[in-house]
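Hello,

Here is the structure for your files. My notes on a pocket and a helix pair follow.

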Amino acid sequence: MKFKNPPVNSLSLEFLTEFVISLEKLENDKTFRGVILTSDRPGVFSAGLDLREMCGRNPAHCAEYWKAVQELWLRLYLSNLVVIAAVNGSSPAGGCLIALTCDYRVLADNPKYLMGLNETLLGIVAPFWFKDTLVNTIGHRAAERALQLGLLFPPAEALQVGMVDKVVPEDQVQSTALSVMAQWLAIPDHARQLTKNMMRKATVDRLVKERDSDIKNFVSFISRDSIQKYLQMYLEKLKQKKG
């Protein structure tokens, strides 16, 4: 499955909705046992959440958007499919989250391809389920440091900390993902799926239980004047960069 939402594969409401529908189709078709997630645009895996969905929008839209972000995570994190990320570009914030939900991550060895949950750098806070996903992947102390500092790791450091499982030359990302997929598909599906569920269900249950309050918290946080001003400034900066 290739991400194609130019210029940087931002997670817009439309993209999130399409993603969930596509994933659902694959899961419902029993001929599919695994999926490789990658970008149609080498250089950027996904730049993460689409700030335009949060800036200057009414609370109802922000709530709908956040529910779609939650839905994608819930679907991916407990998917019965083997999900492998073939990360062929930068993946900050929400892009990193998508990779973290996968069963295995292959990253292209390019020092420009940074990966991490860098929300604090934007003056926002990673939600508890982003945090839980990172802790489950790299451990508590490493996650605590990475989240507070909003660290973006180049490939060698991402591998060292355990954020990715393999770093390979750029032209070998897809072939490596395919050979890893073969390894995972050699395991009987039912045993692997039950094990995945056992490992991840408690993390998912926490969001399911607190889903409405998580949406309310997000909307009240994002609606603050200070946060809106900051998002506007950040979007202006991005426009000037493009210009």
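H9 gives the most to the lining of the largest pocket, with eight residues. Helices here are DSSP runs of H or I with at least four residues, strands are E runs of at least two, and both are numbered from the N terminus. This is a predicted model: local features need pLDDT of at least 70, side-chain atom pairs pLDDT 80 or more, while totals for chains, interfaces and linings use all residues. Residues are numbered from 1 along each chain as its sequence is written, and side-chain values use heavy atoms, without hydrogens and water.

The pocket first. Its volume is about 840 Å³. A pocket is an open set of points on a 1 Å grid over the protein atoms alone, where a 1.4 Å probe fits, with protein on both sides within 12 Å along at least five of seven lines; lining residues have an atom within 4 Å of a point. Of the 30 lining residues, Val8, Ser10, Ala47, Tyr234 and Leu238 are the closest to the centre. Strands S4 (43–44), S5 (48–49) and S7 (89–92) and helix H9 (225–242) each supply at least two lining residues.

Now the helix pair. H4 (residues 128–138) and H8 (residues 189–222) pack at about 165°, axes 10 Å apart. Therefore H4 is roughly antiparallel to H8 (angles over 145 degrees). Contact means heavy atoms within 4.5 Å. On the H4 side, Phe128, Trp129, Lys131, Asp132 and Asn136 take part; they meet Thr203, Arg206, Leu207, Glu210 and Asp214 of H8.

Best wishes

Methods
Axes are lines fitted to C-alpha atoms, for helices over the stretch in contact, and angles run from 0 to 180 degrees between N-to-C directions. Angles under 35 degrees count as roughly parallel, over 145 as roughly antiparallel, 65 to 115 as roughly perpendicular and the rest as oblique. Grid points are joined across faces, edges and corners, and a volume is the space filled by probe spheres set on the points.
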